[in-house]
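Here are my notes for you to read alongside the model. Keep the viewer open and check each point as you go.

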Protein chains: 4
Amino acid sequence: MIIIAKSTVAAQHIAQVLDHQNPIKPVFVHDNRVALAGVKTLPETELQEVKSEIVEIITNHHSAIKSSRDFHPEDTIIKTPHSVIGGQHFTFMAGPDSIESPAHVEAMGKAVKAAGATVLRGGAFKPRTSPYSFQGNGEAGLKAHRAAADALEMDMVTEILDTRDVDLVDSYTDIFQVGTRNMQNFALLKALGKKQKPVVLKRGMSATIDDLLNAAEYIAAGGNDQIILMERGIRTYDNKYTRNTLDVSAIPVLQSLTHYPVVADASHAAGVSKFVAPLALAAVAAGAQGLMTEIHDDPAHAFVDGAQALTPDEFKLLADKIRQIREAIK
Amino acid sequence: MIIIAKSTVAAQHIAQVLDHQNPIKPVFVHDNRVALAGVKTLPETELQEVKSEIVEIITNHHSAIKSSRDFHPEDTIIKTPHSVIGGQHFTFMAGPDSIESPAHVEAMGKAVKAAGATVLRGGAFKPRTSPYSFQGNGEAGLKAHRAAADALEMDMVTEILDTRDVDLVDSYTDIFQVGTRNMQNFALLKALGKKQKPVVLKRGMSATIDDLLNAAEYIAAGGNDQIILMERGIRTYDNKYTRNTLDVSAIPVLQSLTHYPVVADASHAAGVSKFVAPLALAAVAAGAQGLMTEIHDDPAHAFVDGAQALTPDEFKLLADKIRQIREAIK
Amino acid sequence: MIIIAKSTVAAQHIAQVLDHQNPIKPVFVHDNRVALAGVKTLPETELQEVKSEIVEIITNHHSAIKSSRDFHPEDTIIKTPHSVIGGQHFTFMAGPDSIESPAHVEAMGKAVKAAGATVLRGGAFKPRTSPYSFQGNGEAGLKAHRAAADALEMDMVTEILDTRDVDLVDSYTDIFQVGTRNMQNFALLKALGKKQKPVVLKRGMSATIDDLLNAAEYIAAGGNDQIILMERGIRTYDNKYTRNTLDVSAIPVLQSLTHYPVVADASHAAGVSKFVAPLALAAVAAGAQGLMTEIHDDPAHAFVDGAQALTPDEFKLLADKIRQIREAIK
Amino acid sequence: MIIIAKSTVAAQHIAQVLDHQNPIKPVFVHDNRVALAGVKTLPETELQEVKSEIVEIITNHHSAIKSSRDFHPEDTIIKTPHSVIGGQHFTFMAGPDSIESPAHVEAMGKAVKAAGATVLRGGAFKPRTSPYSFQGNGEAGLKAHRAAADALEMDMVTEILDTRDVDLVDSYTDIFQVGTRNMQNFALLKALGKKQKPVVLKRGMSATIDDLLNAAEYIAAGGNDQIILMERGIRTYDNKYTRNTLDVSAIPVLQSLTHYPVVADASHAAGVSKFVAPLALAAVAAGAQGLMTEIHDDPAHAFVDGAQALTPDEFKLLADKIRQIREAIK
């Protein structure tokens, strides 16, 4: 249940009256409206004392407020040094899965920039299912990534796995990325909520739409409104031919519910390079405002996830088709 | 395990030698090759006697043979009086969910034909979750549907629920449709395998890709090779905002595995009209060779599933965008 | 929305007033109450004319009425020649997956009877994923099954796949079985609703609890109240080590919602014989009123699903433990 | 692919030869065997140079080695001040969902101890879907929890959410708990791998069995072998009547694959108190070596998850039945 109070003072008073164990919080929303979050559904009788201070009571709404288009109708548009993300803009984010070497990330960056990418992706800290798999090159990777992004005049996006690394990663990157397995790592989300830097938040493997909005709300509640939501495939009963199932409907659904940009990662959804392009095109046709793609010039020897990497040439072809689809669905 | 025999005679001999309870069947595939289906994985020693009659042993292959592109590389193209389905062709199949009246189905048919549809869909036998929901108008519905299709020079496609109705429905329709809930109604599939008429086979709610290919194989094994596979959304853990989850990756995956046309039903996948268009566009961008859409001029009073119906105008707009996307991905 | 009318006459009048396309049906429930099924949710204003004839309006209820414990509080208890199923009774149903020969089914029956089974299971019509797999011995299987059941003074339960076979199977069996793949084969359910013989209805692979209750309602609506619901494992994202995921919670959930007996099939849930016993014990501890188990004296050479069959000795051990657990949870 | 080397020296040499980007690691397993983890599947030709140093090559094995029963056949038994966990022992872990006050946690502890619990559960850091929900009492909660455990001579188990809190929580608790949402928070798992204290690792909402074993391996690889695996319900397509779906088969499956104790949390699986007992009994009948249960003396006013809490009396009744089932399945 969400209560909209007449004013900040009213909100504080209502919170005081209704509060018990749960610290009810006033959340400032557009047009001087103040929403009270964390209120349990209450019978009308318990609201008598504060009735005159209430503008509206909203039931049947997911608990994310700052993330909700109901309280923030216009699209959030995020500006980074080299990109504009959200609204009618389309952003290509591409690069190698992991940062392998300074030369390699720069070469990959050059290739994707030529195809239209403005954001250079790459992982220095890799969340691998097995502890015996390559865990990323750590700070050396961050350095190489930063250098390549600077040289190419691109934005850098990289994954953060640990609250203890937030400042370190912050000192290198333009955009943080929170991976699927950490979508509900609330300590990490809170830490990123205190930064003034965009965060790409990837949907968890079995996260509902509401779960994703609430995860975004953790970042927003801390004061950071620069959030980019990413659909990357969910876990379903069939994964024989693809690694995950791209939930393409999540794109228009999220766009109807939230003002944040919604982008797609077709590489992890497909898991196999030959299906990356059709899934990417599908995501764009469904309205995605950006695409993250993994590329590699020698997929067979990629340190991580080579099977799902496009070659630079395949990426270029895909980017051209995407621009045509954007034209078609205008 | 699939065994390819040197000849028909060889196949019959191998079947005789290896057969125990399972009636191993020779399946004729392209170029005079004969595949033996239903063979359990056997150690080499048990194959000694027939080794010289074997051309090839294929392991790690789903059990569908006639449906497999490995044995039939070129696309199957299906010709009906008014449509060409498969290959590079794109087919619009549209109409009301259920046949409500002769006038209504004709009006809906007229609208979708104007937008480019050549196949008029409509249900006379409706598979409803509850026995107390409207079950369709039965033979009266079939008659009205046929009359409208004839008047408009369109093809008719309608769902068949019961083996006892196969001849009845056959006497009216151009294309049979097998619904999600009957994808593994093997008695029905076998009955349709004996007809020489196209069958639209909808994927079951939790059918794997292999399950769908095997279901198609039931029809093909009976002698009917005119099969159209339809992705219509699968059941996943999240159905708050859409009725099902369109598995858009099924489209390119199926096209890589089978030669049958693969089409999509965005209406049932979305379940809500406002999400039908983005899902339809996504399916087309992913390579779907056709689209089935439900329309209604007065969705609020539709007999069945009004919430997911497009209006004729919305359908027209969608069809135009689809043609542009087809152009873009050529 | 379910409306409870004052009387049959009232129900008929209300149905007349509210009816449009949907044939609203009066459903007789306990204590002379008459429920109106198939009513769409209506605003109060549209009910003015019939308000005085309405006893109660129930919202937020699944659409199954005759299946609901709300309208039929006491347990349904089903009596067959050799078994009492439901309530505080526990029924062992066991036998081979498919009827292989007269001697074999009788030997298996003898073994399971010695362990406490009163119902002899076995398939003459087998729903196989591939058309090339063994499809069952048909009527010869039914005959052998009947003969064994008679010789051993047991009840016979066997699967029915096709509406055209209902009379044939009826002439042999004591209990019909509807398999997972046909749970929403509504034509078949309707046909069985006209028989006065118990039906074991297996839950579909991705059927919700409400789907299962509504499927049962198809049988009940036809006039056959002898329904046994069977949980047999659902399809989830992980099937590496078991064939399906036994949804053990479905057992107490169903028992809270419906009065029909709820039994479990641990064989198909496990898919591997070594996990059949722990799953069976779990189902019994959760309150299952019966258990169906597949056994075979030579699992490696079983015609169908040998991997999940218990040997007669394993079954005996399991049956003894089950009796102890029934004692423990009394 | 797992390679078993003849000796430590051999392992180091093989690692050197085969290593490229992936740091192949020798993992010491029982009986002086050394397994090489992180080896990609290689053709025989690439192994020529080190062939004589290899004892065995194991394919088709999940990548967890220290967690695997294949390399550590006997059960791991964990001893805490007041409990013995694993093997033939059964451990009751119970207490309030969150630590509400010193008096409350002590009262709850007293009640569960009387019923047989030796481990007192309770959360001071709560991972809540919404940032506006109660997030736990933090260090004050830890203190109260510790004091209650000491007063009652019980073990304390509490959840850890953040790598930065590991030392803090370590200074209070006897057993760490990693929650569902952090099962693949690899930074946290690595941090706990460096502690010499038991860790309860809850299965992720859509974690496969292999995912769970690999997550455990992160802890084990760091040197901490005191791991307790917990099944707590997975996310499936149906959550209308229960919060999650208890995957009861995970219990015997895990016990066949790993030597770690496997326990169950029926509270989160059910989500509704009336279904907690049948699920708990099912888990025990399936072989669970312990049970975690949430209790509250006033569920309607619990700070968190009151709907799924048992009252102390209900818990006592359940504990008695569990002891009888343990007797029955011996």
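**Notes on chain A and a helix in chain D**

1. Let's start with the parts list: chain A has 10 helices and 14 strands. Keep in mind that this is a predicted model.

2. Now for overall shape. Along its principal axes, the C-alpha trace of chain A spans about 70 × 45 × 40 Å.

3. How much of chain A is buried? Of its 330 residues, 68% are.

4. UniProt, in an unreviewed entry, lists residues 84-329 of chain A as "domain: DAHP synthetase I/KDSA". That span is 40% helix and 15% strand, and its end C-alpha atoms lie 20 Å apart.

5. Next, hop over to chain D and find helix H1, residues 8-18. Its buried residues are D:Ala10, D:Ala11, D:Ile14, D:Ala15 and D:Leu18. Why do they sit on the same side of H1(D)? Because they cover an arc of only 135° around the axis. On the other side of H1(D) you'll find D:Val9 and D:Gln16, which are exposed.

6. What do the buried residues of H1(D) pack against? Four strands of chain D: S1 (2-5), S2 (25-28), S3 (34-37) and S4 (54-58).

Note on methods:
Residues are numbered from 1 along each chain as its sequence is written. Chains are lettered from A and ligands numbered from 1 in the order in which they are written. This is a predicted model: local features need pLDDT of at least 70, side-chain atom pairs count only at pLDDT 80 or more; totals for chains, interfaces and linings use all residues. Side-chain values use heavy atoms; hydrogens and water are left out. Buried means under 20% relative accessible area, exposed over 50%, partly exposed in between (1.4 Å probe, protein chains only). Helices (H or I, at least four residues) and strands (E, at least two) are DSSP runs, numbered from the N terminus. The arc is that of the directions from the helix axis to the C-beta atoms. Contact means heavy atoms within 4.5 Å. UniProt positions are given in the numbering used here, feature names are shortened, and annotations may be inferred rather than shown by experiment.
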